[in-house]
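Dear colleague,

Please find the structure below, handed over for your own reading. My notes on what was found in it follow.

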Amino acid sequence: MSKCWKVRPEGSNWGEFGPDDQLGRLNLLTAERVLEAVKEVRTGRTFCLSLPLDLPGSNSLNPSRLPPELKPVIRQGEIAFDGPARRDNPLQTDLLCDDAMLIHSQYSTQWDSFSHIGALFDADGDGAPEHVYYNGFKVVSEETGEGLYGEIGAVNLGIENMAETCVQGRGVMIDLRAHCGDERRAVGFDELMAILNKDDVEVMEGDLVCLHTGFADRIVAAAETPEPVGAVCTVLDGDDKKLLEWISESGLAALISDNVAVEQSSSVAREMTEPGPVLPLHEHCLFKIGVPLGELWYLSDLAAWLRENGRSRFLLTAPPLRMPGAVGSPATPVATV
Ligand code: UVW
């Protein structure tokens with residue numbers, strides 16, 4: 001099951017949660033921290049942090065991720081929708097609807113597991129890079145080839161590991177939109193620290209950190225029009241080394257945003273002069289230090305409420321689906337304030 005890495009990537013924490021660890025920073029969601037997070041519940045008001053899962057509504061954000069398909073199942077040869085539960089007994093009064101979903105796991109509000117992004121890295125020190133993921137794991141079994149072409153999904157680091165932790169803890173909102181507006185630009189360490197300072201936001205070990213940029217509002221608005229959303233609202237600057245170091249040093253347990261990829265997404269061409277990741281923040285979080293990424297969450301109503309009430313913290317409950325081998329998952333996260 002485990003890996004046999006001899007060399008770990010620079011800036012990684014491989015091994016620090018144990019040689020077989022598949023949870024990364026989610027290990028920090030301890031019972032004590034859940035109790036601390038519960039103390040943030042003062043009104044009992046809840047917020048749904050998911051978009052409707054049929055948004056963005058086309059594949060314009062990512063051409064290979066298609067809208068969900070929902071269809072009734074076939075039961076006893078007929079469409080099981082608003083019909084009798086059993087067709088062989090006219091005395092039964094039950095009506096039945098039963099359906100099936102085909103969902104691209106990263107189409108809408110989602111979690112990325114650690115099997116989403118790996119790297120070509122020489123973890124065994126033999127001079128040749130191999131395919132490797134967080135804590136040195138492989139996602140394809142070397143013995144059987146299982147996992148290849150998605151036959152059974154990732155053999156390690158699947159989203160089910162994350163689901164089993166329940167993903168509950170203290171959420172902390174960083175309201176980028178309130179300071180940066182709707183212009184597309186990358187926010188780096190210095191600007192992020194200035195925003196934390198201005199809003200008196202403290203990020204502590206084990207926090208589930210949410211970045212409100214306003215992008216999901218554009219998705220909701222665009223659902224009424226034929227126009228794609230385009231490149232708007234802020235993203236984090238994945239090229240800013242100080243920012244990546246802060247993610248490591250802060251001890252945050254997960255990083256979540258209402259935009260496509262937290263950082264500048266791969267659909268926007270990056271100039272590269274040497275080998276390296278297209279998505280450096282993904283590499284840092286998912287591959288090196290075991291921080292799961294939440295994307296396309298709906299954070300606007302919660303961010304507005306927190307601002308009006310002079311708060312930044314809340315209880316966050318956000319498990320992904322417990323789907324063995326999946327690399328990502330839709331989610332319906334709940335904030336309680
Ligand atoms: C890619 O675009 C590769 O992934 P994500 O949805 O995590 O940004």
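For the notes on the sheet, two strands are said to pair if DSSP finds at least two bridges between them. Please also bear in mind that this is a predicted model.

**The sheet**

Strand 1 and strand 19, the latter covering residues 334-336, meet this condition with three bridges, and they run in the antiparallel sense. Within this pair, Phe47 has Ala335 of strand 19 as its bridge partner. In general, the strands of a sheet pair through backbone hydrogen bonds, in either a parallel or an antiparallel manner.

The two strands belong to an open sheet of nine strands, whose order is 1-19-17-11-13-15-16-8-18 and whose pairing is mixed. Strand 1 (46-48) and strand 18 (328-330) form the edges; each has a single partner strand, so one side of each is left without a neighbour in the sheet. From one strand to the next, the twist averages 25°.

Which strands does helix 8 lie across? Helix 8, residues 300-308, lies across strand 1, strand 11 (168-175), strand 13 (208-212), strand 17 (313-317) and strand 19. Its direction is at about 80° to that of strand 11.

**The ligand**

The ligand is surrounded by 10 residues, of which Arg65, Asp112, His116, His282 and Glu295 are the closest. By class, this shell consists of three nonpolar, four polar and three charged residues.

- Arg65 has a side-chain N or O atom 2.6 Å from an oxygen atom of the ligand.
- His116 places a polar side-chain atom 2.9 Å from a ligand oxygen atom.
- Glu295 has a side-chain N or O atom 3.0 Å from an oxygen atom of the ligand.

On its own the ligand has 260 Å² of accessible area, and the protein covers 87% of this.

**Backbone details**

Most residues other than glycine have a negative phi, and most peptide bonds are trans. Two places in the model may be read against that background. The peptide bond from Leu55 to Pro56 is cis, with omega near 20°; Pro56 is located in the loop between strand 1 and strand 2 (69-72). Gln76, a residue other than glycine, has a positive phi near 50°, and its place is the loop between strand 3 (74-75) and strand 4 (78-79).

With kind regards

Terms used: Residues are numbered from 1 along each chain as its sequence is written. This is a predicted model: local features need pLDDT of at least 70, side-chain atom pairs count only at pLDDT 80 or more; totals for chains, interfaces and linings use all residues. Side-chain values use heavy atoms; hydrogens and water are left out. A residue is near a molecule or strand if one of its heavy atoms lies within 4 Å of it. A polar contact is a pair of N or O atoms within 3.5 Å; within protein, one must be able to donate a hydrogen and the other to accept it, and residues adjacent in sequence count only if both atoms are side-chain atoms. Accessible areas come from the Shrake-Rupley method with a 1.4 Å probe; for residues, only the protein chains shown count as cover. Ala, Val, Leu, Ile, Met, Phe, Trp, Tyr, Cys and Pro count as nonpolar, Asp, Glu, Lys and Arg as charged, and the others, Gly among them, as polar. Helices (H or I, at least four residues) and strands (E, at least two) are DSSP runs, numbered from the N terminus. Axes are lines fitted to C-alpha atoms, for helices over the stretch in contact, and angles run from 0 to 180 degrees between N-to-C directions. Contact means heavy atoms within 4.5 Å.
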